[in-house]
Amino acid sequence: MPQAYQSELATAIAAVIAASKICRAVQATITADSLEKKDKSPVTIADYASQAVICKIILDAFRNDPIVGEEDAGDLREPANQLFRDRTLHEITSSGTPATTDEMLAWIDSGNHDGTANRYWTLDPIDGTKGFLRKEQFAVSLALLINKRIEVAALACPNLPMGSGSGAVFYAVRGQGAFVIPLDQPDAKPVAVKVSKISDPAQARMCESVESGHSAHDQSAIALEKLGIAGEPVRMDSQAKYGAVARGDAEIYLRLPTRKGYEEKIWDHAGGVLVLEEAGGKVTDIDGHPLDFAAGSTLKNNRGVVVTNGLLHDAVMAVVKTLKFE
Ligand SMILES: Nc1ncnc2c1ncn2[C@@H]1O[C@H](COP(=O)(O)O)[C@@H](OP(=O)(O)O)[C@H]1O
Ligand SMILES: [Mg+2]
Ligand SMILES: [Mg+2]
Ligand SMILES: [Mg+2]
């Protein structure tokens, strides 16, 4: 029997690779250049160009598929942002995708679905925009959800070490395992991705967001101490943290709530979660509940995220339950 979702997987991998190349080109040239969105978070020409190109590739292959993307073209349509808009178009066309301004804006806005369909993609065109601006880690994350379950994921981490170079593309289909290929050699033999076998909490390595506004660093420090882990957590932007736990570079990724009422976005997790689970890892919220991807575009039924290699999950949860949050 042919394996399920092979054409979706091939499309997803091609899309995140095409977008990663644009992001890399922009990251090599920008000097802290971003617009501020209404929620005060930054967005760059690369976020927009990545979303445009990925939406185009998905729609060329699966014309009727809804896409729940992080960005929309509202700000780009503002007359005041013409230069920003033109530079975004320039990045897209110079990557080899001919486009008019109207086509570009329409591709970006095709990512405006709300996550209520039976089948849809969710896209984070640049996850970790703050890391991208610091020229550190970021990810391009794409996942296909069917009947509210993640079935296919492609997660490109252009700056993550990979062999002797950098740039890793993780991917997974539910039930088929997780794999990684080098971003610059997509035809290389895929390598199976597996979590580490460490089961002693004191030996574990923990990662968390660089941004203390995205994850409570004071609480994770307490968790480290209670688990008996010496040293500092590794701070890293984006869903590269899911890749790091999936391939055994770390055993724990904590994302602890910093403020009441924040709802995690599905595009910040879907790609990473399937890769992690197919690599043998486990993810829940801080109460030990599974992440609920059936609630629209946010994980509104969950608070925080606890990721482990599976073996350490109970030990980590026992400590997380003693922490104090807003
Ligand atoms: N208060 C908050 N708590 C948790 N995550 C938040 C947050 N405010 C913003 N974020 C999300 O944190 C993501 C980055 O995660 P990390 O800090 O692990 O790199 C951002 O994704 P984008 O960079 O795609 O906007 C954004 O969606
Ligand atoms: Mg953002
Ligand atoms: Mg994100
Ligand atoms: Mg983003």
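This is a predicted model: local features need pLDDT of at least 70, side-chain atom pairs count only at pLDDT 80 or more; totals for chains, interfaces and linings use all residues.

Modeller: Let's start with helix α1 (residues 6-29), which lies across β4, β5, β6 and β7 (165-173) and runs at about 35° to β6.

Biologist: What makes you say that a helix "lies across" strands, as with helix α2?

Modeller: Contact decides it: two residues count when their C-beta atoms, placed from the backbone, lie within 7 Å. Helix α2 (residues 45-61) lies across β3, β4 and β5 in that sense, at about 155° to β4.

Biologist: Which strands make up the sheet of 7 strands, and in what order?

Modeller: The order is β3-β4-β5-β6-β7-β8-β9, the sheet is open and the pairing is mixed. β3 (67-69) and β9 (191-192) each have a single partner strand, so one side of each is left without a neighbour in the sheet, and they stand at the edges.

Biologist: How do you know that β5 and β6 are paired?

Modeller: Pairing needs at least two bridges between the strands. Strand β5 (residues 139-146) and strand β6 (residues 149-162) have 7 bridges, in the antiparallel sense, so by that cut-off they pair. To see one of these on screen, find L144: its bridge partner in β6 is V152.

Biologist: What about the strands β10 and β12?

Modeller: Strand β10 (residues 206-208) is joined to strand β12 (residues 252-255) by 2 bridges, and the two run parallel. The cut-off is at least two, so this counts as a pair as well. C207 stands opposite Y253 in β12. They belong to an open sheet of 5 strands, ordered β11-β10-β12-β14-β13, with mixed pairing. Its edge strands are β11 (234-235) and β13 (282-284), each pairing on one side only. Helix α10 (residues 313-320) lies across β12, β13 and β14 (305-308), at about 150° to β14.

Biologist: What are the domains of the protein?

Modeller: The domain assignment gives domain 1 (6-192) and domain 2 (201-320). Their centres, taken over C-alpha atoms, are separated by 23 Å. The contact takes 35 residues from domain 1 and 27 residues from domain 2. On the domain 1 side, β4, α6, β5, β6, β7 and β8 (178-182) each supply at least two residues, with the largest share, 7 residues, coming from β6. That side divides into 18 nonpolar, 8 polar and 9 charged residues.

Biologist: Why is ligand 1 said to lie between the domains?

Modeller: Domain 1 and domain 2 both give residues to the shell around ligand 1, so it lies between them. There are 19 residues around ligand 1, and G128, T129, S209, H214 and D237 come nearest. β4 (119-127) and α6 (129-133) each supply at least two residues of the shell, and β4 gives the most, with 3 residues.

Biologist: What kinds of residues form that shell?

Modeller: It divides into 2 nonpolar, 9 polar and 8 charged residues.

Biologist: Last one: how do you know that the protein agrees with a compact globule?

Modeller: A compact globule of 326 residues would have a radius of gyration near 20 Å, and the protein has 19 Å, so the two agree. Along the principal axes, its C-alpha atoms fill a box of roughly 55 × 50 × 40 Å. Within the protein there are 10 helices and 14 strands.

Terms used. Residues are numbered from 1 along each chain as its sequence is written. Chains are lettered from A and ligands numbered from 1 in the order in which they are written. A residue is near a molecule or strand if its C-beta atom, placed from the backbone, lies within 6 Å of it. Helices (H or I, at least four residues) and strands (E, at least two) are DSSP runs, numbered from the N terminus. Ala, Val, Leu, Ile, Met, Phe, Trp, Tyr, Cys and Pro count as nonpolar, Asp, Glu, Lys and Arg as charged, and the others, Gly among them, as polar. Domain bounds come from an automatic or database domain assignment. Axes are lines fitted to C-alpha atoms, for helices over the stretch in contact, and angles run from 0 to 180 degrees between N-to-C directions. The radius of gyration is taken over C-alpha atoms; the globule rule is 2.2 Å times the number of residues to the power 0.38.
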